Amino acid sequence: MRLTNEVKFYDQTERHYNPNTSQYEGGETLVATVMANVTDIGTNRSNELFGKLDANSKVVRMVEPVKFVWSYLTIDDDSTHYVLQTDRRPLKNATLIVGETNVQSKA
């Protein structure tokens with residue numbers, strides 16, 4: 001398995017003012033960047049998992065499982081945001097099935 005895609009994980013929290021530091025905190029934060037193998041999900045598998053064929057989903061295969069909190073991810077610096085639909089942890093590697101969301105960055 002070739003890990004040819006750069007996947008960036010972001011955490012999105014409510015922005016708020018911290019009076020102790022006199023700074024705003026929260027918002028969108030880059031949590032991690034990992035290399036992964038990303039493919040489109042097949043129509044048969046999409047139908048089995050989601051009961052529909054119009055789901056724009058991707059399969060993200062990584063060497064290590066995700067052990068951090070994240071809200072959405074981007075693939076190869078594309079502006080499309082993907083959210084978690086399901087994950088798998090077989091004996092080797094780790095797999096995320098993610099789906100496209102309509103929420104875009106405010107940046």
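Phe68 is partly exposed, with a relative accessible area of 29%. Partly exposed means between the two cut-offs: buried is under 20% relative accessible area and exposed is over 50%, with a 1.4 Å probe and protein chains only. This is a predicted model, where local features need pLDDT of at least 70, side-chain atom pairs count only at pLDDT 80 or more, and totals for chains, interfaces and linings use all residues. Residues are numbered from 1 along each chain as its sequence is written, and side-chain values use heavy atoms, leaving out hydrogens and water.

Now look at the rings. A pair of aromatic rings is described by the distance of the centres and the angle of the planes. Rings of Phe, Tyr and Trp (its six-membered ring) pair if their centres lie within 6.5 Å; planes under 30 degrees apart are stacked, over 60 edge-to-face, the rest tilted. The whole structure holds four aromatic pairs. In one of them, Phe9 and Phe68 have ring centres 5.2 Å apart and planes at 80°, so they sit edge-to-face. Phe9 lies in strand β1 (residues 5–18) and Phe68 in the loop between β3 (57–62) and β4, so the pair ties together parts 59 residues apart in sequence. Strands (E, at least two residues) are DSSP runs, numbered from the N terminus.

Phe9 is buried, at 0% relative accessible area. The ring centres of Phe9 and Trp70 are 5.0 Å apart and the planes at 75°, so this pair is edge-to-face. Ring pairs link Phe9, Phe68 and Trp70 into a cluster.

Next, turn to the backbone. Asp77 is not a glycine, yet its phi is positive, near 55°. Asp77 is found in the loop between β4 (72–75) and β5 (82–88).

Conventions. Helices (H or I, at least four residues) and strands (E, at least two) are DSSP runs, numbered from the N terminus.
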